[in-house]
Amino acid sequence: MIRKTFSVPPLGCNCSIIGDPITKQAIVVDPGGAPERILQEVRAMGLTVVSIVHTHAHFDHFLASGAMKQATGAALCLHPDDRPLWDILEMQCRMFGVPYVPAPPPDYWLKDEERLAIGELEGIALHTPGHTPGSMCFHFPAAKLVVAGDTLFRGSIGRTDLWGGDFDVIEQSIRERLYTLDEQTAVVTGHGPETEIGRERETNSFVRA
């Protein structure tokens, strides 16, 4: 697997480029801003973007999506339960004082347990509601990697006081969909440092195994 994860403005969302070293196909996860930087990284890695996937539809995870789609022609992908959030992206930006950057509607609706093919690489889309109704995590078993968005953080979990958030639901998602993964699985969080499933099982003060 080829992978590069880096923070993008305006709120430090972690954007990940995940590519297949054989076919050079790639997905971009959560292009939250700075499309020029993301495209520069893609070009430097010699990759072709085939999909732009979102862990959820909060504004800070989408702001570069329209520009990325225009530059690459790749499909925008989201779980359908977050369609209502996508529809109010402009309002979200206004509430947080962030300039709105229009994005077209998603091209493809992700399903739970759906296979994600990136050339020869294979991932699995996991529906992990709680932070938002349509929150998704993207698990790559062979690489022992999960891109968790704002569901799970190092020592913390995603906030549940925004549109559609639910603490009981996110707790269930973490226990049943994430803590059941191999303990050595690396976790790319939506913001901040990476962690591991085993570490969070033992030390996360919000949801312990």
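**Close-up 1. Phe-167 and its contacts beyond the nearby sequence.** In this predicted model, Phe-167 touches Ile-157, Thr-160 and Phe-206, once neighbours within four places in sequence are set aside. Phe-167 belongs to helix α5, which covers residues 167-178. Ile-157 is ten residues away from Phe-167 along the chain, and the C-alpha atoms of the two are 9.4 Å apart.

**Close-up 2. The aromatic pair of Phe-59 and Phe-96.** Searching the whole structure turns up two aromatic pairs. One of them brings together Phe-59 and Phe-96 in a tilted arrangement, with 5.1 Å from centre to centre and 35° between the planes. Phe-59 sits in the loop between β4 (48-53) and α2 (65-72), while Phe-96 sits in the loop between α4 (89-95) and β6 (108-109), so the pair ties together parts that are 37 residues apart in sequence. The two partners can also be viewed by their accessibility. Phe-59 has a relative accessible area of 3% and is buried, whereas Phe-96, at 37%, is partly exposed.

**Close-up 3. Arg-37 over the ring of Phe-6.** Here a charged side chain is the one to look for. Arg-37 lies over the face of Phe-6, and the distance to the ring centre is 4.2 Å.

Close-up 4. Which residues point which way from β10? Leu-145, Val-147 and Gly-149 point one way, Val-146 and Ala-148 point the other way, and all are buried. In a regular strand, side chains alternate between the two faces of the sheet.

**Close-up 5. The hairpin of β9 and β10.** Strand β9 (residues 136-140) runs antiparallel to β10, and three bridges join the two. Across this pairing, His-139 stands opposite Val-146 in β10. Four residues lie between the strands of the hairpin. Lys-144, found in the turn, has a positive phi of about 50°.

**Close-up 6. The parallel pairing of β10 with β13.** How many bridges link β10 to strand β13? There are four, and the strands pair in the parallel sense, with β13 made up of residues 186-189.

Technical notes. Residues numbered from 1 in each chain as written. Predicted model: local features only at pLDDT ≥ 70, side-chain atom pairs only at ≥ 80, totals over all residues. Heavy atoms only, no water. Phe/Tyr/Trp six-rings, centres within 6.5 Å; stacked < 30°, edge-to-face > 60°. Buried < 20%, exposed > 50% of the residue type's maximum accessible area, 1.4 Å probe, protein only. Lys NZ or Arg CZ within 6 Å of the ring centre and 35° of its normal. Pairing = 2+ DSSP bridges. Contact = heavy atoms within 4.5 Å.
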